[in-house]
Amino acid sequence: MVIYGPKHEEYDIDLGPVILEDWFHADYFTLVNGTMNGRFPPSNNNLINGRMNYPCANTTLPCTPNAGVSKFKFEAGKKHLLRLINAGAEGLQKFSIDGHQFKVIAVDFIPVEPFTTNVVTLAVGQRTDVIVEAIGKPGDSYWMRSQLAQGFRCTLNDGVSPNGLAAVYYDGADTDSVPESTSSVTADQLAICKNDELTTAVPLCKIPLPTPDVTKKITFDFKSNGTNFLWFLNNQTYRGDYNAPPLLDVKQGRTTFQPEWNVYQFPGAKHVRIHLENNGLIGGHPMHLHGHDFHVLAEGFGQWDGTVVNSGNTVRRDVHQLQNARNVTGTVEPSFMVLQFEQDNPGVWPLHCHLAWHVSGGLFLQILERPEDIIKQDFDQDVFELCDKWDAYTAVSPPNQIDSGL
């Protein structure tokens, strides 16, 4: 679904969404089951708008040889809008088009002061709008690329096909021809396992950063519960109950929850600051807060010294990459990021890592916001009726919940 708002930068042609995603030959249940038993699955392919060739000799699972690549049409001299979306499971994407520059105009639907780059980094769940000026001539063709980031412990892939390709054809080009262009993206750029610096994507609309009413530090650890290795947030991993959605509990006046549901509450606070600290060495975390855009105040390694980056107009988005911790002379140095949001949207809002295997392993919490306003809201009766039917069904056919429930 594309929602059109007012233009803040001119373009001629809207090419629509461009979906980037890592791909796995195995089915999801098999992948999650392996994850819960300590086998984090590497991706097998990388797709642009659902397509990419794969050398099928490398798998015994179903595979279509010569499946083809996606194709895009450019008009020489025109400005084209691309709406980039990382809809993958684990891979940090590096998007580029050979021979072309991007004017970035929005991140996670937040309009920003336009800036130019030759490569766009997208963590899982992130969106970036870019304008590409077609500087080629009629008949030209170029490769569009989405490459999985190559930084240490950054993205898991089997090395067979980590670089997605699509073809860009100018008007009059032979759309069956194979582009011969080369990329200007450097190895150093591909090795960066984080989002752009916090001084880069400056929001067009300046929203002041108020003094927080409450600050909460949440520490991530990856450790065993005696059976599986899981993610723990302040020493508590998440496991959901399919028969007890917290939002409906709140509607019925219940605001006490099981510890494993990881429900955080900040009663009376309007502005909430959350300091995330990650001790895990096995990959970063694209952290996503539902129901809100948040200010990104700071990121780095070690202990946050309280400095806010670009405090007069902080980066705002709803997903930001928290880096993995690093090993410094045998000692784990944690990574951190600090976010802040306003409690202006009643609900039970997930704050979680967008990596499929991490959320399966319990890296998930929920923020209960303004429960008194939830109680006042009208809920359709069919919501409760559906829950009754689900309870009756699961009483005789309990689901096989092999992970956190997510």
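Predicted model: local features only at pLDDT ≥ 70, side-chain atom pairs only at ≥ 80, totals over all residues.
## Overall build

Let's start with the whole chain. Its secondary structure amounts to 6 helices and 24 strands. The radius of gyration is 22 Å, close to the 22 Å that the globule rule gives for 406 residues, so the chain is as compact as a globular protein of that length. Along the principal axes, the C-alpha trace spans about 65 × 55 × 55 Å.

Buried residues account for 51% of the 406 residues. The accessible surface comes to about 18700 Å², and carbon and sulfur atoms hold 51% of that area. If you are interested in contact order, take the contacts with a separation of 6 or more: 78% of them are between residues 24 or more positions apart.

An open sheet is formed by 5 strands in the order 14-24-23-16-19, with mixed pairing. Strand 14 (263-265) and strand 19 (319-322) are at the edges, and each has a single partner strand, so one side of each lacks a neighbour in the sheet. From one strand to the next, the twist averages 25°.

Strand 16 (residues 285-289) pairs with strand 23 (residues 347-353) in the antiparallel sense over 3 bridges, and His-288 has His-352 of strand 23 as its bridge partner. Strand 16 also runs antiparallel to strand 19, joined to it by 4 bridges; there, His-285 stands opposite Leu-322. In strand 19, Val-319 and Gln-321 point one way while His-320 and Leu-322 point the other, and all are buried.

## Salt bridges

The structure holds 17 salt bridges. One of them joins Asp-176 to Lys-71, with the closest N and O atoms 3.7 Å apart. Asp-176 sits in the loop between strand 11 (163-170) and helix 2 (187-191), and Lys-71 in strand 3 (residues 71-74), so this pair ties together parts 105 residues apart in sequence. Asp-176 is exposed, at 65% relative accessible area, whereas Lys-71 is partly exposed at 46%.

Glu-342 and Lys-270 also meet through their side chains, at 3.8 Å from N to O. This pair links distant parts of the chain, 72 residues apart: strand 22 (residues 335-342) holds Glu-342, and the loop between strand 14 and strand 15 (271-278) holds Lys-270. A further salt bridge, between Arg-326 and Glu-333, has an N to O distance of 2.6 Å. Arg-326 is partly exposed at 38% relative accessibility, and Glu-333 is partly exposed at 22%. Finally, Asp-108, Arg-127, Arg-317 and Asp-318 belong to one network of salt bridges that share partners.

Definitions and conventions: Residues numbered from 1 in each chain as written. Heavy atoms only, no water. Pairing = 2+ DSSP bridges. Helix = DSSP H or I, 4+ residues; strand = E, 2+ residues; numbered from the N terminus. Axes fitted to C-alpha atoms, helices over the stretch in contact; angles between N-to-C directions. Buried < 20%, exposed > 50% of the residue type's maximum accessible area, 1.4 Å probe, protein only. Rg over C-alpha atoms; globule rule 2.2 N^0.38 Å. Contact = heavy atoms within 4.5 Å. Areas by Shrake-Rupley, 256 points an atom, 1.4 Å probe, with all protein chains shown as cover. Salt bridge = Lys/Arg side-chain N within 4 Å of Asp/Glu carboxyl O.
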